[in-house]
Amino acid sequence: MYMLCAQNLLKKDLFRLPPDAFAKISVDGSGQCYTTDTCKPTCDPQWNQHYDLYLSKGDHVTITLWNHKKIHKNIQKPTSGFLGCVRLSWNQIQRYKDTGYQKLDLVKLNPDDPVPIRGQLVLSLLSQDGTAGVSSQQPSPLPDGWEERKTENGRLYYVNHKTKTTQWVKPTK
(Lines give C-alpha, C1' and ligand atoms only; values in the text may rest on other atoms or scores of the structure.)
Protein backbone atom coordinates (compact mmCIF):
# COMPACT_ATOMS: atom_id res chain seq x y z
CA MET A 1 0.00 0.00 0.00
CA TYR A 2 1.23 3.44 -0.88
CA MET A 3 -0.19 6.24 1.28
CA LEU A 4 0.04 9.41 -0.78
CA CYS A 5 -1.99 12.04 1.06
CA ALA A 6 -5.24 13.22 2.57
CA GLN A 7 -7.17 16.17 1.22
CA ASN A 8 -9.62 18.72 2.57
CA LEU A 9 -9.56 17.58 6.22
CA LEU A 10 -11.92 19.38 8.56
CA LYS A 11 -10.49 21.84 11.08
CA LYS A 12 -12.29 20.83 14.28
CA ASP A 13 -11.71 24.15 16.07
CA LEU A 14 -12.74 27.39 14.40
CA PHE A 15 -9.90 29.56 15.74
CA ARG A 16 -7.14 26.95 15.83
CA LEU A 17 -4.50 25.73 13.45
CA PRO A 18 -5.22 22.88 11.05
CA PRO A 19 -4.59 19.36 12.43
CA ASP A 20 -1.20 17.68 12.82
CA ALA A 21 -2.47 14.67 10.88
CA PHE A 22 -1.19 11.12 10.83
CA ALA A 23 -2.73 7.85 9.65
CA LYS A 24 -2.89 4.46 11.30
CA ILE A 25 -3.17 1.48 8.93
CA SER A 26 -4.27 -1.89 10.30
CA VAL A 27 -5.23 -5.26 8.88
CA ASP A 28 -8.18 -6.20 11.06
CA GLY A 29 -7.51 -9.22 13.26
CA SER A 30 -3.93 -9.85 12.04
CA GLY A 31 -1.93 -7.64 14.40
CA GLN A 32 -0.42 -5.74 11.46
CA CYS A 33 -0.45 -2.05 12.29
CA TYR A 34 1.51 0.82 10.79
CA THR A 35 1.57 4.56 11.43
CA THR A 36 2.55 7.33 9.02
CA ASP A 37 4.68 10.29 9.96
CA THR A 38 2.84 13.27 11.46
CA CYS A 39 2.37 16.22 9.09
CA LYS A 40 2.44 19.51 10.99
CA PRO A 41 -0.45 21.73 10.64
CA THR A 42 -2.24 21.23 7.38
CA CYS A 43 -5.66 20.16 6.11
CA ASP A 44 -3.89 18.47 3.17
CA PRO A 45 -1.14 16.23 4.67
CA GLN A 46 1.23 14.44 2.31
CA TRP A 47 2.96 11.27 3.46
CA ASN A 48 4.27 9.55 0.32
CA GLN A 49 4.95 6.40 2.37
CA HIS A 50 4.91 2.72 1.41
CA TYR A 51 3.69 -0.13 3.65
CA ASP A 52 3.82 -3.86 3.00
CA LEU A 53 0.58 -5.49 4.10
CA TYR A 54 0.24 -9.26 4.14
CA LEU A 55 -3.36 -10.09 3.35
CA SER A 56 -5.32 -13.32 3.30
CA LYS A 57 -8.64 -13.87 1.61
CA GLY A 58 -11.37 -12.17 3.63
CA ASP A 59 -9.07 -9.65 5.38
CA HIS A 60 -10.19 -6.04 5.86
CA VAL A 61 -7.96 -2.97 6.08
CA THR A 62 -8.89 0.03 8.24
CA ILE A 63 -7.12 3.37 7.87
CA THR A 64 -7.87 5.95 10.56
CA LEU A 65 -6.71 9.57 10.47
CA TRP A 66 -5.88 11.39 13.70
CA ASN A 67 -4.86 14.84 14.90
CA HIS A 68 -1.67 14.30 16.91
CA LYS A 69 -2.32 17.48 18.93
CA LYS A 70 -5.64 16.12 20.25
CA ILE A 71 -5.27 12.37 20.84
CA HIS A 72 -3.75 12.64 24.32
CA LYS A 73 -5.67 15.66 25.62
CA ASN A 74 -9.03 14.17 26.56
CA ILE A 75 -8.93 10.70 28.11
CA GLN A 76 -12.72 10.66 28.59
CA LYS A 77 -13.25 10.91 24.80
CA PRO A 78 -11.48 8.03 23.04
CA THR A 79 -12.29 9.60 19.66
CA SER A 80 -10.73 12.94 20.59
CA GLY A 81 -8.53 13.87 17.65
CA PHE A 82 -10.30 11.52 15.22
CA LEU A 83 -10.41 12.97 11.70
CA GLY A 84 -12.04 10.11 9.78
CA CYS A 85 -11.48 6.61 8.48
CA VAL A 86 -11.59 4.41 5.41
CA ARG A 87 -12.51 0.73 5.66
CA LEU A 88 -11.56 -1.56 2.79
CA SER A 89 -13.26 -4.93 2.46
CA TRP A 90 -11.58 -7.86 0.71
CA ASN A 91 -13.69 -7.20 -2.40
CA GLN A 92 -12.72 -3.51 -2.47
CA ILE A 93 -9.05 -4.40 -2.04
CA GLN A 94 -9.28 -6.74 -5.04
CA ARG A 95 -11.13 -4.10 -7.10
CA TYR A 96 -8.62 -1.30 -6.32
CA LYS A 97 -5.46 -3.43 -6.54
CA ASP A 98 -3.04 -2.35 -9.29
CA THR A 99 -5.42 0.31 -10.65
CA GLY A 100 -3.43 3.41 -9.67
CA TYR A 101 -4.36 6.03 -7.10
CA GLN A 102 -7.78 5.96 -5.47
CA LYS A 103 -9.43 8.95 -3.77
CA LEU A 104 -11.67 7.58 -1.00
CA ASP A 105 -14.03 9.62 1.18
CA LEU A 106 -13.43 9.59 4.92
CA VAL A 107 -16.29 8.31 7.08
CA LYS A 108 -17.13 8.12 10.78
CA LEU A 109 -16.00 5.26 13.01
CA ASN A 110 -19.61 4.65 13.99
CA PRO A 111 -22.63 5.96 12.05
CA ASP A 112 -24.17 7.28 15.31
CA ASP A 113 -21.07 9.31 16.18
CA PRO A 114 -21.89 13.06 16.27
CA VAL A 115 -18.34 14.07 15.24
CA PRO A 116 -18.35 15.82 11.83
CA ILE A 117 -16.04 14.30 9.19
CA ARG A 118 -14.81 15.73 5.91
CA GLY A 119 -12.01 14.87 3.51
CA GLN A 120 -10.54 12.21 1.28
CA LEU A 121 -7.64 9.79 1.48
CA VAL A 122 -5.50 9.15 -1.61
CA LEU A 123 -3.76 5.77 -1.78
CA SER A 124 -2.62 3.09 -4.17
CA LEU A 125 -2.84 -0.67 -3.64
CA LEU A 126 -0.21 -2.74 -5.40
CA SER A 127 0.21 -6.48 -5.42
CA GLN A 128 3.68 -7.56 -4.33
CA ASP A 129 4.90 -8.14 -7.87
CA GLY A 130 3.06 -5.06 -9.19
CA THR A 131 0.75 -7.05 -11.45
CA ALA A 132 -2.94 -7.69 -11.11
CA GLY A 133 -2.74 -11.38 -11.92
CA VAL A 134 -0.51 -14.30 -11.13
CA SER A 135 2.24 -14.74 -13.67
CA SER A 136 2.94 -18.21 -15.01
CA GLN A 137 6.39 -17.16 -16.21
CA GLN A 138 9.53 -17.95 -14.27
CA PRO A 139 11.02 -14.86 -12.62
CA SER A 140 13.87 -13.38 -14.63
CA PRO A 141 17.32 -13.91 -13.14
CA LEU A 142 19.23 -11.01 -11.64
CA PRO A 143 22.27 -9.58 -13.43
CA ASP A 144 25.72 -10.62 -12.17
CA GLY A 145 26.67 -9.01 -8.88
CA TRP A 146 23.06 -8.41 -7.74
CA GLU A 147 21.24 -9.95 -4.77
CA GLU A 148 17.57 -9.85 -3.77
CA ARG A 149 16.85 -9.15 -0.07
CA LYS A 150 13.85 -8.28 2.08
CA THR A 151 13.41 -5.54 4.68
CA GLU A 152 12.17 -6.52 8.13
CA ASN A 153 8.66 -5.65 6.84
CA GLY A 154 9.08 -8.06 3.91
CA ARG A 155 9.52 -5.48 1.13
CA LEU A 156 11.91 -6.64 -1.60
CA TYR A 157 14.98 -4.60 -2.44
CA TYR A 158 18.08 -5.24 -4.52
CA VAL A 159 21.78 -4.99 -3.64
CA ASN A 160 24.44 -4.28 -6.25
CA HIS A 161 27.64 -5.71 -4.76
CA LYS A 162 29.78 -4.18 -7.51
CA THR A 163 28.74 -0.58 -6.82
CA LYS A 164 27.72 -1.14 -3.17
CA THR A 165 24.29 0.43 -3.76
CA THR A 166 20.68 -0.65 -3.18
CA GLN A 167 17.42 0.02 -4.98
CA TRP A 168 13.73 -0.90 -4.79
CA VAL A 169 13.28 -1.62 -8.49
CA LYS A 170 14.37 -5.04 -9.78
CA PRO A 171 17.40 -4.56 -12.02
CA THR A 172 17.42 -5.74 -15.61
CA LYS A 173 20.43 -6.60 -17.73
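1. Aspartate 20 is buried, at 7% relative accessibility; buried means under 20% relative accessible area, exposed means over 50%, and partly exposed lies in between, with a 1.4 Å probe and protein chains only. The residue belongs to the loop between strand 1 and strand 2. Helices (H or I, at least four residues) and strands (E, at least two) are DSSP runs, numbered from the N terminus. When residues up to four places away in sequence are not counted, aspartate 20 touches Thr38, Cys39, Lys40, Pro41, Trp66, Asn67, His68 and Lys69; contact means heavy atoms within 4.5 Å.

2. A note on the basis of these values is in order. This is a predicted model, in which local features need pLDDT of at least 70 and side-chain atom pairs count only at pLDDT 80 or more, while totals for chains, interfaces and linings use all residues. Residues are numbered from 1 along each chain as its sequence is written, and side-chain values use heavy atoms, with hydrogens and water left out.

3. Lysine 11 also lies in the loop between strand 1 (2–7) and strand 2 (21–27). Its relative accessibility is 38%, so lysine 11 counts as partly exposed. Apart from residues up to four places away in sequence, lysine 11 touches Arg16, Leu17, Pro18, Pro19 and Cys43. The C-alpha atoms of lysine 11 and proline 116 are separated by 9.9 Å, although these residues are 105 residues apart along the chain.

4. The next point concerns the interior. In soluble globular proteins, nonpolar side chains tend to be buried together. A nonpolar core is here a set of buried Ala, Val, Leu, Ile, Met, Phe, Trp, Tyr and Cys residues joined through side-chain atoms within 4.5 Å. The largest such core has 27 residues, of which Met3, Ile63, Leu65 and Leu121 touch the most other members. At least two residues each come from strand 1, strand 2, strand 5, strand 6, helix 1 (90–96) and strand 8 (120–124). Strand 2 gives the most, with 4 residues. Leaving aside neighbours within four places in sequence, the contacts of leucine 121 include Met3, Ile63 and Leu65.

5. Which strands make up the open sheet of 3 strands, and in what order? The order is 9-10-11, with antiparallel pairing; two strands pair if DSSP finds at least two bridges between them. Strand 9 and strand 11 stand at the edges with a single partner strand each, so one side of each is left without a neighbour in the sheet. On average, neighbouring strands of this sheet are turned by 30° against each other, direction ignored; the axes are lines fitted to C-alpha atoms, for helices over the stretch in contact, and angles run from 0 to 180 degrees between N-to-C directions.

6. Strand 10 (residues 156–160) has 4 of its 5 residues buried, so it is largely enclosed by the rest of the structure. Its antiparallel pairing with strand 9 (residues 146–150) comprises 5 bridges, and lysine 150 stands opposite leucine 156. Between strand 10 and strand 11 (residues 165–167) there are 3 bridges, again antiparallel. Across this pairing, tyrosine 158 stands opposite glutamine 167, and the bridge partner of valine 159 is threonine 166.

7. The hairpin of strand 10 and strand 11 has 4 residues between the strands, with lysine 164 at a positive phi near 55°.

8. A pair of aromatic rings is described by the distance of the centres and the angle of the planes. Rings of Phe, Tyr and Trp (its six-membered ring) pair if their centres lie within 6.5 Å; planes under 30 degrees apart count as stacked, over 60 as edge-to-face and the rest as tilted. By this rule there are 4 aromatic pairs. One of them is formed by tryptophan 66 and phenylalanine 82, which are edge-to-face at 5.3 Å centre to centre, with 70° between the planes. The pair links distant parts of the chain, with tryptophan 66 in strand 5 (residues 61–67) and phenylalanine 82 in strand 6 (residues 82–88), 16 residues apart. Tryptophan 66 is buried at 14% relative accessible area, and phenylalanine 82 is buried at 2%.
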